[in-house]
Amino acid sequence: LDDESPGKSYLNEYNFISDIASRSNKYAQRVKDAYAAGKVKLAGKYGSDSFSKQLSNCAALIAGGLNTKVYVVSMGGFDTHVSQNTAPEYGAHPGLLTNLGVGISEFMYDMVNLNMGDRVLGLTVSEFGRRPDQNGSLGTDHGTSGIQFVFGTQVNSGVFGNPPDLVHRDENENIPFNVDYRQVYLEVLTKWFDLSIDDAR
């Protein structure tokens with residue numbers, strides 16, 4: 001508290017902000033400590049891309065004992081309107097999927113190696129799908145359907161949903177979806193986080 005705050009109209013607000021700042025500093029130190037303790041336990045050979053680095057950080061925090069329930073990482077570049085796959089080894093889309101696969105693979109390698117594989121569940125989320133046809137710029141445009149991956153040692157693995165119907169489309173040339181992503185979220189919330197159906201909805 002500074003010398004000017006007692007008796008002032010903003011005292012409650014000042015105390016609130018001061019308390020939040022103090023708690024944030026303590027939590028930041030806890031995160032740093034967990035990261036340092038966990039980083040030395042990792043054996044995964046993560047890529048140099050941002051996605052792999054983010055997953056490596058998550059693995060370190062988990063291995064270091066941070067009890068955070070949900071981690072969010074991000075990966076951009078999937079808005080491939082242009083040159084989506086101009087060459088199998090150099091196209092934007094194959095490169096993105098390679099980074100996705102390597103990052104997830106190394107993350108799960110570390111989790112299993114540290115006997116934490118049964119405690120983690122991964123879920124990919126996208127804000128948009130794609131249309132199936134190539135556009136005039138060797139890419140694909142936004143659509144209503146896409147693919148979602150769920151990964152972890154406790155996942156009932158397999159391919160769910162019917163193969164995409166490339167013939168029967170809607171008036172905007174979109175492929176109709178056959179698994180509602182909200183159903184996937186509902187499964188995660190009820191079976192992984194033990195929420196009731198009503199709370200999950």
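Here are some questions and answers about the predicted model above. Because this is a predicted model, local features need pLDDT of at least 70 and side-chain atom pairs count only at pLDDT 80 or more, while totals for chains, interfaces and linings use all residues. Residues are numbered from 1 along each chain as its sequence is written, and side-chain values use heavy atoms, with hydrogens and water left out.

User: How far does helix 3 reach from its first C-alpha to its last?

Analyst: Happy to start there! Helices (H or I, at least four residues) and strands (E, at least two) are DSSP runs, numbered from the N terminus. Helix 3 covers residues 92–113, which is 22 residues. The expected span is 1.5 Å times one less than the number of residues, and helix 3 comes close to its expected value, reaching 32 Å.

User: What covers the buried residues of helix 3?

Analyst: Buried means under 20% relative accessible area, exposed over 50%, and partly exposed in between (1.4 Å probe, protein chains only). The buried residues of helix 3 include Leu96, Leu100, Ile104 and Phe107. Their cover includes helix 2 (50–63) and strand 4 (150–151).

User: How are helix 1 and helix 2 arranged: roughly parallel or roughly perpendicular?

Analyst: Axes are lines fitted to C-alpha atoms, for helices over the stretch in contact, and angles run from 0 to 180 degrees between N-to-C directions. Helix 1 (residues 11–39) and helix 2 pack at about 95°, with axes 7 Å apart. Angles under 35 degrees count as roughly parallel, over 145 as roughly antiparallel, 65 to 115 as roughly perpendicular and the rest as oblique. Helix 1 and helix 2 are therefore roughly perpendicular.

User: Which residues of helix 2 make the contact with helix 1?

Analyst: Contact means heavy atoms within 4.5 Å. From helix 1 come Val31, Ala34, Tyr35, Gly38 and Lys39. On the side of helix 2, the residues are Ser56, Asn57, Ala60, Leu61 and Ala63.

User: Is Asn174 buried or exposed, and which residue's backbone nitrogen lies 3.1 Å from its side chain?

Analyst: Asn174 lies in the loop between strand 4 and helix 4 (181–191). With 4% relative accessibility, Asn174 counts as buried. A polar atom of the Asn174 side chain is 3.1 Å from the backbone nitrogen of Thr144.

User: Which backbone oxygen does the side chain of Thr190 reach at 2.8 Å?

Analyst: Thr190 is in helix 4 and counts as buried at 19% relative accessibility. A polar atom of the Thr190 side chain also lies 3.5 Å from the backbone oxygen of Glu187. The oxygen reached at 2.8 Å belongs to Leu186.

User: Which residues does Leu138 touch, not counting those up to four places away in sequence?

Analyst: Leu138 sits in the loop between strand 2 (129–130) and strand 3 (142–143). Leu138 is partly exposed, with a relative accessible area of 44%. The residues touched by Leu138 are Val82, Ser83, Gln84, Asn85 and Thr86.

User: What is the phi of Ser83?

Analyst: Most residues other than glycine have a negative phi. Ser83 is found in the loop between helix 2 and helix 3, and is partly exposed at 30% relative accessibility. Although Ser83 is not a glycine, its phi is positive, at about 50°.

User: Where does Asp194 lie?

Analyst: Asp194 is not a glycine, yet has a positive phi of about 60°. Asp194 is exposed, with a relative accessible area of 65%. Its place is the loop between helix 4 and helix 5.

Key
A polar contact is a pair of N or O atoms within 3.5 Å; within protein, one must be able to donate a hydrogen and the other to accept it, and residues adjacent in sequence count only if both atoms are side-chain atoms.
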